[in-house]
Amino acid sequence: MKHILVWLRNDLRLHDNELIYRASKKAEKVYVAYCLDIRSWQKTFLDFPKTDSFRTRFLIETLANLRASLRKIGGDLIVRCGKPEEEICKIAEKLNVQAVFASKESTFEELAVEKSLEQNLKSKKIEIQYFWTYTLYHLEDLPFPVAKVPDIFTDFRKAVEKNSEIRATYPTITQTNPLPNDFFAGEIPTLKELGLEVHKTNFKTSMQWKGGETAALERLNHYFWQSNNLRNYKETRNGLLGAEYSSKFSAWLALGAISPRYIYEEVQKYEKKVIKNQSTYWLIFELIWRDYFRFIAKKYGNLIFKEEGIKKEGLGLKNNRKIFEKWATGETGVPFIDANMRELNETGFMSNRGRQNVASFLVKDLKINWIWGAMYFESKLIDYDVCSNWGNWLYVAGVGNDPRENRYFNIVSQAKQYDPNADFVKFWLPKFRDLPSTQIYKDFSIADLIFS
């Protein structure tokens, strides 16, 4: 082939980028493009944007970093705003490419875009080739077909650990071709141009998030090699305050600014040079969970977005806007819940422990439709990943992959266990600063919360 267009989606990096590497081996000229899907910034029926400022800023920074990296090696990143099925076809036609290379997605909206793009490209006699790029274990290397992926994570994990190999990372290209002189690369839009509010940097955030491959690799280097925090990951991962209790790789993983296979290879190096223990294994364990939710999404399709979930069980949940908004704004009156929601609203991030508790509280205590919570997380979370987000909400709601029936998080007990001195609560809710934790963590009445 003479010309190939690489359409990037959630693989915004140069290292371990199968699309770019394969295209560079097959074509005389390779062009790289990204399209911001304007539908992602529309308002939901709950009156908040589908993608809010924190996620969008991180994406903008990631695109800028990737563009800078491509320019350093002679290329550029083509950026468009619109509908990808239309814009990518226009770019492909304008550049006279013979094929488009893209990653294969698993969920409804993304698959609908793929289908439309295929039709548009076919009318121009341009082929499209898909590659499975997002997971640690490749789809083709699973020891069972997708339709037979176990509904219990432990069964999946044991099977892949025993029977599947993790593929090696792809080499990073060091040189590429420029765009034609008369071709406009496009501007990366600003938050204002996308209709979003520009937030000032909140220095209370757990860490100063910076989008892009460069920042992702710096974070890994810091967490593994400089601070040596990987050594204690299993013991600290349920923390609530600060930057060091967990890897914080999730936001970069969500956009593909860092490769899960690259992380795996670095863990292997760490195990050889420093220590191999439960913590090093547990980081890989979490990457396997990430894989699992993607394969479950591929197995069950649209069921992961339905209230009855993959278990097809009715939960009898309510669609009460007033109660939902108390939860969303961190004004329920339950300090541990409100502190976590304030962190999310002010920074775009929340700890894993916090997410489990606020989700359980919304569904099991307030009896509010879990889909609303999943939508709110989709809007706010800087590390939103469609499969992990909806898979986790299904899990907590009891209509997903949890093998336990009626799992319930006792919020007061959880707060006492993971924030015993109420340091996290006091950090985000200063009104409690002078109170002892025994006064802060009191049992609550749902009826009082709802009707107060």
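**Talking through the predicted model**

Colleague: Let's start with alanine 422: buried or exposed, and at what relative accessible area?
Modeller: This is a predicted model, so all the values are computed. The cut-off for buried is under 20% relative accessible area. Alanine 422 falls under that cut-off, so the residue is buried, and its relative accessible area is 0%.

Colleague: Where does alanine 422 lie?
Modeller: Look for two helices, H16 (411-418) and H17 (423-428). Alanine 422 sits in the loop between helix H16 and helix H17.

Colleague: And what is the phi of alanine 422 near?
Modeller: Most residues other than glycine have a negative phi. Alanine 422 isn't a glycine, yet its phi is positive. The value is near 60°.

Colleague: What is the phi of aspartate 16, and where is the place of that residue?
Modeller: Aspartate 16 is not a glycine either, and it has a positive phi of about 45°. With 1% relative accessibility, aspartate 16 counts as buried. Its place is in the loop between strand S1 (3-7) and helix H1 (18-26).

Colleague: Which side chain does aspartate 383 join in a polar contact?
Modeller: Aspartate 383 is in the loop between helix H14 (370-380) and helix H15 (386-397), and it is buried at a relative accessible area of 7%. Leaving aside neighbours within four places in sequence, it is in contact with Ser250, Ala251, Ala254, Phe349 and Arg355. The polar contact, at 2.8 Å, joins its side chain to that of arginine 355.

Colleague: What about aspartate 52: which side chain is joined to it by a polar contact?
Modeller: Find aspartate 52 in the loop between strand S2 (29-37) and helix H2 (53-72). At 11% relative accessibility, aspartate 52 counts as buried. Not counting residues up to four places away in sequence, it touches Leu196, Ser379 and Lys380. The polar contact is 3.4 Å, and the partner side chain is that of serine 53.

Colleague: What distance separates the C-alpha atoms of aspartate 52 and glutamine 42?
Modeller: Along the chain, aspartate 52 and glutamine 42 are 10 residues apart. Between their C-alpha atoms the separation is 9.7 Å.

Colleague: Which residue has its backbone nitrogen 3.1 Å from a polar atom of the serine 279 side chain?
Modeller: Serine 279 is in helix H10, and at 1% relative accessibility it counts as buried. Setting aside residues up to four places away in sequence, serine 279 touches Leu230, Arg231, Asn232, Tyr233, Lys234 and Glu235. The backbone nitrogen at 3.1 Å belongs to tyrosine 233.

Colleague: How are H10 and H15 oriented where their axes come within 8 Å?
Modeller: The axes of H10 (residues 278-300) and H15 cross at roughly 85°. Angles of 65 to 115 degrees count as roughly perpendicular.

Colleague: How do H11 and H12 cross?
Modeller: The axes of helix H11 (residues 321-329) and helix H12 (residues 335-347) come within 7 Å. They cross at roughly 75°. So H11, relative to H12, is roughly perpendicular.

Colleague: Which residues meet there, and how do they divide?
Modeller: On the H11 side you'll see Trp327, Ala328 and Thr329. They meet Ile337, Met341, Arg342 and Asn345 in H12. The residues of this H11 and H12 contact divide into 4 nonpolar, 2 polar and 1 charged.

Colleague: How many disulfides does the count come to?
Modeller: A disulfide needs two cysteine sulfur atoms within 2.5 Å. Take cysteine 89, which is buried with a relative accessible area of 6%: the closest cysteine sulfur to its own is in cysteine 35, and because the two are 12 Å apart, they are too far for a bond. The disulfide count comes to 0.

Colleague: Last one: what relative accessibility does cysteine 387 have?
Modeller: Cysteine 387 is one of the H15 residues that make the contact with H10. It counts as buried, because its relative accessibility is 1%.

Note on methods. Residues numbered from 1 in each chain as written. Predicted model: local features only at pLDDT ≥ 70, side-chain atom pairs only at ≥ 80, totals over all residues. Heavy atoms only, no water. Axes fitted to C-alpha atoms, helices over the stretch in contact; angles between N-to-C directions. Helix = DSSP H or I, 4+ residues; strand = E, 2+ residues; numbered from the N terminus. Parallel < 35°, antiparallel > 145°, perpendicular 65-115°, else oblique. Contact = heavy atoms within 4.5 Å. Nonpolar A, V, L, I, M, F, W, Y, C, P; charged D, E, K, R; others polar. Buried < 20%, exposed > 50% of the residue type's maximum accessible area, 1.4 Å probe, protein only. Polar contact = N/O pair within 3.5 Å; in protein donor to acceptor, adjacent residues only side chain to side chain.
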